Amino acid sequence: MAIEPKGIVPQFDSASDFSEGLALVSVGNKYGYINKTGKIVIKATENMSALAPFSQGLAIVRVGSVYGCLTTKGELLKNVYFDKISKFSEGLAAVQIGSKYGYINKSGQVVIAPQFALVDRFSEKLAAVKISDKYGYIDPTGTIAIAPQYEDAWKFSEGLAPVRVGKQWGYLGKSKVINIQPIYDGAFEFSESLARVRMGDRWGYINHQGALVIALQLDFASDFSQGLAAVQIKQKWGYINSTGKVVIASKFEIATNFSQSLAAIQIDSKWGYINPVGTLVVNPKFDNAGLFAEGLARVQVGGKWGYISRPNVSRG
């Protein structure tokens, strides 16, 4: 039975998911970070813009024409300014100086000199980098771990990384050899032992061995989360389990991943939440809605954003 959730009253012009106990919000052109009671605990100064959520204790912000790192105390790391900074992952963040990319540590020190044409964030102790016109991988010291040889490359997940050879995608293992041959038009990260792949306009899923375990028959597919994946079948969205069985019928206009045992879905242009058996636990009444993160989900009502609280929502 759907219930009326509690939370933080919609009052913000924009709002992000909670991360590390804080969420980025704005009212007009003023930005700040709130705690889980809705109180602003970090106010952005007038020269700050393009703020991002916190990741590993730091948030990336633009200060004038450059980017810096904001601490949870609301202080900028001293003398840490770059043309661009990505969010931190495994203790490192990609930075741009001119046309080259490198990495800094959480103190803001450059630990891998800017030298690459493009980079991705670190995952499983490797990061994809572009040298000249090919992609390879480096380790956290900046040493080339897998030589540049691919037309495109994504981050590792569950020991495998999508790479493009010519126009087709396959998967690279950490042993530096192709584990799953490049036969797909699209390939994505592994999640819960399955990865979504595409041939033409049809989507399916493969396992770590490259076996197609869910046939290429879906209109669209998302990553698995908490045992289920949102998929599109005949213009409607529903959910399948890891065997490919439809366990929540395709009846939603849009469906998102499950997070903390709830998923945001859209019915008649309004957003609500369902549990893993498909029961509505929050009626569709929001103009927009996000995933639950750290017990709260952002929701929009009449142009304003607020949050609903996960502990006050029945698991059904």
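**Overall fold and selected local features**

The protein has 0 helices and 35 strands, where helices (H or I, at least four residues) and strands (E, at least two) are DSSP runs numbered from the N terminus. The model is predicted, so that local features need pLDDT of at least 70 and side-chain atom pairs count only at pLDDT 80 or more, while totals for chains, interfaces and linings use all residues. Residues are numbered from 1 along each chain as its sequence is written, and side-chain values use heavy atoms, with hydrogens and water left out.

For a protein of 316 residues, a compact globule would have a radius of gyration near 20 Å, and the value of 21 Å found here agrees with this; the radius is taken over C-alpha atoms, and the globule rule is 2.2 Å times the number of residues to the power 0.38. Along the principal axes, the C-alpha atoms fill a box of roughly 55 × 50 × 25 Å. Of the 316 residues, 46% are buried, a class defined by a relative accessible area under 20%, with exposed meaning over 50% and partly exposed in between (1.4 Å probe, protein chains only). The accessible surface comes to about 14700 Å², of which 51% belongs to carbon and sulfur atoms; such areas come from the Shrake-Rupley method with a 1.4 Å probe, and for residues only the protein chains shown count as cover. Among contacts (heavy atoms within 4.5 Å) between residues at least 6 apart in sequence, 31% join residues at least 24 apart.

The mean positions of the 34 positive and 25 negative charges are 3 Å apart. In this count Lys and Arg are positive and Asp and Glu negative, while His and the chain ends are not counted, and each charge is placed at NZ of Lys, CZ of Arg, CG of Asp or CD of Glu.

Strand 2 is joined to strand 3 (residues 23–27) by 2 bridges, in which Ser 14 has Ser 26 as its partner and Ala 15 stands opposite Val 25. Strand 3 is largely enclosed by the rest of the structure, because 4 of its 5 residues are buried. Strand 3 also pairs with strand 4 (residues 30–34) in the antiparallel sense over 5 bridges, and Ala 23 stands opposite Ile 34. These two strands form a hairpin with 2 residues between them, and Gly 28 in the turn has a positive phi of about 65°.

Lys 176, with a phi of about 75°, is placed in the loop between strand 19 (168–173) and strand 20 (178–184), and is exposed at a relative accessible area of 51%. Glu 294, with a phi of about 55°, lies in the loop between strand 33 (288–293) and strand 34 (296–301), and is partly exposed at 32%.

Thr 71, located in strand 8 (residues 66–71), counts as buried at 16% relative accessibility. Not counting residues up to four places away in sequence, Thr 71 touches Ile 42, Phe 54, Gly 57, Leu 58 and Leu 77.

Key:
Pairing = 2+ DSSP bridges.
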